[in-house]
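Please examine the sequence and the model below.

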Amino acid sequence: MGKLVIDGNSVYELDEVCIRKKDDEERRHKENQERKEDKGRGNFSER
């Protein structure tokens, strides 16, 4: 089930599965960027 957002006279339904998937992709992208930056600096920390 989605969430309803009421904005004045407009009503929107947010797909929670889609939002969760997008958040997961953004998190993975950010983690990959951080790993690339760490490698460039020679910091090899295990995660």
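Glu 31 has a relative accessible area of 27% and is therefore partly exposed, in a model that is predicted. The side chain of Glu 31 forms a salt bridge with Arg 27, and the closest N and O atoms are 3.5 Å apart. Both Glu 31 and Arg 27 belong to helix α1, where they lie four residues apart, or about one turn of the helix. Through salt bridges that share partners, Asp 24, Arg 27 and Glu 31 are joined into one network.

Asp 24 and Arg 27 are separated by about one helical turn because they are three residues apart in helix α1. Asp 24, with a relative accessible area of 30%, is partly exposed. Arg 27 likewise falls in the partly exposed class, since its relative accessible area is 41%. The structure as a whole holds two salt bridges.

The strands present another topic. β1 and β2 run antiparallel and are joined by five bridges. Within this pairing, Lys 3 stands opposite Leu 14 in β2. The two strands form a hairpin with two residues between them, and Gly 8 in this hairpin takes a positive phi near 65°. β1 itself is hardly covered, as the count of buried residues among its five residues is zero.

What is the burial class of Gly 2, at 18% relative accessibility? Gly 2 counts as buried, because this value is under the 20% limit for that class. Gly 2 is found in the segment before β1, which spans residues 3–7. Neighbours within four places in sequence aside, Gly 2 is in contact with Glu 13, Leu 14 and Glu 16. The C-alpha atoms of Gly 2 and Tyr 12 are separated by 9.5 Å, the two residues being ten apart along the chain.

Confidence qualifies the reading of these details. The protein chain averages a pLDDT of 87, and 85% of the residues score at least 70. Where pLDDT is low, the predicted coordinates should not be read in detail.

Notes: Residues numbered from 1 in each chain as written. Predicted model: local features only at pLDDT ≥ 70, side-chain atom pairs only at ≥ 80, totals over all residues. Heavy atoms only, no water. pLDDT = per-residue confidence, 0-100. Buried < 20%, exposed > 50% of the residue type's maximum accessible area, 1.4 Å probe, protein only. Contact = heavy atoms within 4.5 Å. Pairing = 2+ DSSP bridges. Salt bridge = Lys/Arg side-chain N within 4 Å of Asp/Glu carboxyl O.
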